[in-house]
Amino acid sequence: MGPLREMAKIIIATVHKSKEPWLDLGCKDYLQRLAPRHPVEIVLYKDEERLAKAINEDKRPILLDPRGKQLDSKAFALMLEKEIEIRGNDAFFAIGGPEGFSQELKAGKSLISLSPMTFTHQMARLLLLEQIYRSFEILRGSPYHK
């Protein structure tokens, strides 16, 4: 694994506010863990149309979609490292609904799936944050992953 870039900025774009305080606490915990080296910004859009516009405006979005490629944690870490390198020190993730994104929106974009199971937007956000944190720990060589 190559050198880890400090201060890589990650954006997670999604719709729907969290309705579960315990999920908010989990997200807050991972945001705090990541903040010193890799700030993460969660951007909530009012509706799917505005989220789609943000996706189309990004250079290399990574879409979370039920039909996306499933990666283990090490492969996800390598993919994230590569995206940060290509994009110049940032990464942009977008969380789709239970049916994923439209075919036209997905065309030519990177698609990943957290699991063959369906999760709420809020749960997917927490799982993605944990995997981002785990990725940076894997790339640092910390014992967190084990």
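Predicted model: local features only at pLDDT ≥ 70, side-chain atom pairs only at ≥ 80, totals over all residues.
Student: Which residues of helix H2 are buried, and within what arc do they fall?

Tutor: Helix H2 spans residues 48-57, and its buried residues are Leu51, Ala54 and Ile55. On the other side of H2, Glu49, Lys53, Asn56 and Glu57 are exposed. The buried residues line one face of the helix, because, seen down the axis of H2, they fall within an arc of 100°.

Student: Is Leu127, a member of the nonpolar surface patch, buried or partly exposed?

Tutor: Leu127 has its place in helix H5, and together with Leu114, Met117 and Phe119 it makes a nonpolar surface patch of about 340 Å². Buried would require a relative accessible area under 20%, and exposed one over 50%. With a relative accessible area of 31%, Leu127 is therefore partly exposed.

Student: What separates Asp29 and Arg33 along helix H1?

Tutor: Asp29 and Arg33 form a salt bridge in which the closest N and O atoms are 3.0 Å apart. Asp29 is partly exposed at a relative accessible area of 29%, and Arg33 is partly exposed at 35%. Because the two residues are four residues apart in helix H1, their separation is about one helical turn.

Student: Which residues are linked with Arg87 in a network of salt bridges?

Tutor: Asp58 forms a salt bridge with Arg87, with the closest N and O atoms 2.5 Å apart, and this pair links distant parts of the chain, Asp58 lying in the loop between H2 and S3 and Arg87 in helix H3, 29 residues apart. Arg87 also meets Asp90 in a salt bridge, at 2.9 Å from N to O. Arg87 counts as buried at 13% relative accessibility, whereas Asp90, at 24%, counts as partly exposed. The residues linked with Arg87 in the network are Asp58 and Asp90.

Student: Which side chain makes a polar contact with the side chain of Ser142?

Tutor: Ser142 is found in the segment after H5 and is buried, with a relative accessible area of 14%. A polar atom of its side chain lies 3.3 Å from the backbone nitrogen of Tyr144. The side-chain to side-chain polar contact of Ser142, at 2.6 Å, is with Glu137.

Definitions and conventions. Residues numbered from 1 in each chain as written. Heavy atoms only, no water. Patch = residues over 30% accessible without salt bridge, like charges linked within 9 Å, V, L, I, M, F, W, Y side chains within 5 Å. Areas by Shrake-Rupley, 256 points an atom, 1.4 Å probe, with all protein chains shown as cover. Salt bridge = Lys/Arg side-chain N within 4 Å of Asp/Glu carboxyl O. Buried < 20%, exposed > 50% of the residue type's maximum accessible area, 1.4 Å probe, protein only. Polar contact = N/O pair within 3.5 Å; in protein donor to acceptor, adjacent residues only side chain to side chain. Arc of directions from axis to C-beta.
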